[in-house]
Structures are given as C-alpha cells and as structure tokens.
Amino acid sequence: MRRIVGILLLIIVAVGIGRSLVKIPFGTSRTKVGTHYINEGIKETGSANIVTSVVVSYRGFDTLGEVTVLFIAAIGLGAVLTRSGGKETRKIESASLVLYTGCRLLFPLILIFGTYIFIHGHLTPGGGFQGGAIIASGFLLIYLGCRERRISKIASKLAESLGGLVFVVIGLLGLLFGGHFLSNFLPKGTANTFFSAGIVPIIYIAIGFKVGSELAGIIDNLIEES
Amino acid sequence: MIFVASFLVVLMLVGAVAASIFRDLISAVIAAAFVSLVAAILFYLLQAPDVAMAEAAIGAALTVAIFIIAIRRTKRYEE
Amino acid sequence: MSFLDNYIYYIGAFGLILIGFYIILVKHNLIKVIIGLGILDTGVNLFLISVGYITKGTAPIFSKPGIDSERMVDPVPQALVLTAIVIGVAVLALALSLAIRLYQHYGTLNLRKIREQRW
C-alpha cells in the first residue's frame, strides 16, 4: 500500500519537474551578474580566481552564515553523543609496525598538501573548504592507522575558535576603515602574484583552519565511545 | 566527448539504483561513494575545477568514513 | 542526437533526484533513508552546475593576465554549490548522530517497529 502511494507521488513529481526542465536552455547565455563579475573582477578585488572573489569578496556575508551553520552542526553532534554512564570497553588490538610507521610518515605530507591548497586559493583552483577537507582526511588516517593516539581537545577547539574569530575581526576592521562590513582595505597589488588581493588570502587561511579542525572534531566525537 | 559524458551518466544511474537495492548497508554506502566520484568527474567536464575538488575530497572520503563509523555502532544488515 | 547533446546532464541530475526521492519514501531502515538524502543532495548540486554551462567554454580563472574572457563559464552557480556541498556533509553527520542515539534507546532501527512501540 505504502509502496503504491509512493510510486504514484513520484510519478506526479517527475511529470512536474520534466515539463519545466525542457524550457530551460542548456549552454546558451550567461546572466548579467556573471558577466559583470568576470569583466570587473580583477580590477575590483585583485584575485585571479573569479570563483574565490565571488565567495569571499562579493558574497562574503553568505560565507559567514555558512561557517556559522557548520559550527552549529558540530556543536549539536557533540551535545547529542555525550557519554551517559556505562562505557563498553572493546579491546583495541594495536597495529603492526609497518602500518604505524607508514601512517606517521604520510601525515605531515598530507598536512603540507592541504596547507598549500588553501594558501594559494586566489591564484589556482582551490581554497579554504577544499584544503580543510584534505587536512581532516589526514587526521582520519591517524585514527585508522595508529589506533591509540588522539588529538588533544584543547588544541582543536582553540584552532576552530581562532579561525572564526579572525574572520569576524577582519570584517569589523573593514567596517572601521572602509565604510561597510568586509570591505577590502588592504592594498590590492598586481594580479597573479602571491601578495595580492587584499584580505582574500587572510580570510581563506582562517576558513581553512576552522573547517579542518571542525571536521576532525566531528570524527573524533563519533569514534570516541566504542 | 558526448559519448564519454553519456557513458558516465549511465554508470552513475546504475550505481544509484544499486545503492537502493543492496541489503548489506556497507555495500550501499560504497555505491553512494561511487556516485559521488562519478559526479566529481562530471563536474570537471562541465569546466568547474573548484567544485570537482570539493566534491571528491568531501563526498568520496569523509562521507564514507562517518557512515562506516555510524554503521559500526548500530546494525550492519537491513531487516 | 542533438536532443541527447543538449540534455544529457539534465537527464542525469533528474534521474538522481528521482532515485533519492524513491529511497526516502519507500525504504524503512533509517540509515538507508540517510543514504537517500545524500544522493538527493548530489543530484541537486549537479543540476545547479549544469545550468551555468556555456557551450565550448573554459573555466573562470585568469591564469595569464590577458586571457580572452568571452567564453568563460558562469561563476555564480559554482560559488553557491561550493557552500552547499559542505553544508550537506554537516547535515549528514548530525542525522547520523541522532540515528545512533535512537538505536541506543529503542534497540532497533526499523521505522515501523519504532512507530509501533510508541503507542
């Protein structure tokens, strides 16, 4: 009974979406806002990667909201999964020597790769979110390979809070010097060099630290009790 | 070029149907990660390298990890 | 052939959205429903990026300062989808933590049995 009602609902939704999809043209025209961002992007923000300048400078306030949603999800997960009394202790067998040494060898290389991606966010494809996800994968490797070690909770909470704080403080400094929240008050320089584009690299470094330590903290909370 | 895109789209739909049919939950999670990986390749063919990098790092590595940790703390087979 | 040329990406995104909806409506294991939520998310992101594509375009990055910018792809949908992917993984993590809590309280993850036990 439930299956028949489900399939009927699905057919109605499919017909509705299908009839409106044939009216959207594929691959023909750009929006006016997109054309303005491509033509004026380097002059107004100074970064060579247009997607970075849209995410950080033109729509920076939406990125602040998204960072807040990530923060709330991590706090919610930590609050739901608290230890409530009896812990079941499972015997953890320690890993072999080859696995342990291999994971310890790979971990700094993965951290350097992630840091490279979010520092060069305004020159090449990349940025804060991608670099943060790669750093969290490095921490996941440590949890799977060397099974006894955990990251210290104080360091991860400190990195996460400092990242968010730097973002908001730079926004307020922009209000002080430039006239509106998150305005670009540092000198823009020439495009395609490392020290260019004003506040964009600083914000992406803060976002990279915050997202990396947040995702690693989520995995730490999930593993903890078993 | 159009045959490569059609072949990848058919592969992605087969993976999504497989994720809904399997009864072993870990096999279903691996099929969902395969769908994410082929979607990352399609993002690259649509000339969006930032989004392809984000989808490959987050959808194919971190999602699988948190699903498998959650399945380990509950049941493995669907009833 | 030109029909396929124009609409192949739309058909792929549309198929993923329908399969995600089917899993959420019909299956009765909670972790399967959460997997369906993830597939639905991927389908919507694929649809948003394929709307902003221009035929024979290039990626919107100025790798040399004087590149011809006539045929660049629209950058605004890519910025939206970048945010949406990260929020999607945060929502999945929160949903899985609630599923673990439900299993510790009721002893099963079958949605019909949980609904029977409440009344």
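This is a predicted model: local features need pLDDT of at least 70, side-chain atom pairs count only at pLDDT 80 or more; totals for chains, interfaces and linings use all residues.
Residues are numbered from 1 along each chain as its sequence is written, while chains are lettered from A and ligands numbered from 1 in the order in which they are written.

Helices are DSSP runs of H or I with at least four residues, numbered from the N terminus. H2(A) has 13 residues and reaches 17 Å from first C-alpha to last, close to the expected 18 Å (1.5 Å times one less than its number of residues). After H2(A) comes A:Gly46, with a positive phi near 90°.

H2(A) packs on H3(A) at about 85°, with the axes 10 Å apart. Axes are lines fitted to C-alpha atoms over the stretch in contact, and angles run from 0 to 180 degrees between N-to-C directions. H2(A) is therefore roughly perpendicular to H3(A) (65 to 115 degrees). Contact means C-beta atoms, placed from the backbone, within 7 Å.

| Helix | Contact residues |
|---|---|
| H2(A), residues 32-44 | A:Tyr37, A:Ile38, A:Gly41 |
| H3(A), residues 50-58 | A:Ile50, A:Ser53, A:Val54, A:Tyr58 |

Buried residues of H2(A) are A:Gly34, A:Tyr37, A:Ile38, A:Gly41 and A:Ile42 (20 or more other C-beta atoms within 10 Å of their own). They pack against H3 of chain A together with helix H3 (76-106) of chain C.

Notes: Helices (H or I, at least four residues) and strands (E, at least two) are DSSP runs, numbered from the N terminus. Angles under 35 degrees count as roughly parallel, over 145 as roughly antiparallel, 65 to 115 as roughly perpendicular and the rest as oblique. Two residues are in contact if their C-beta atoms, placed from the backbone, lie within 7 Å. A residue is buried if 20 or more other C-beta atoms lie within 10 Å of its own, exposed if 12 or fewer, and partly exposed in between; C-beta atoms are placed from the backbone.
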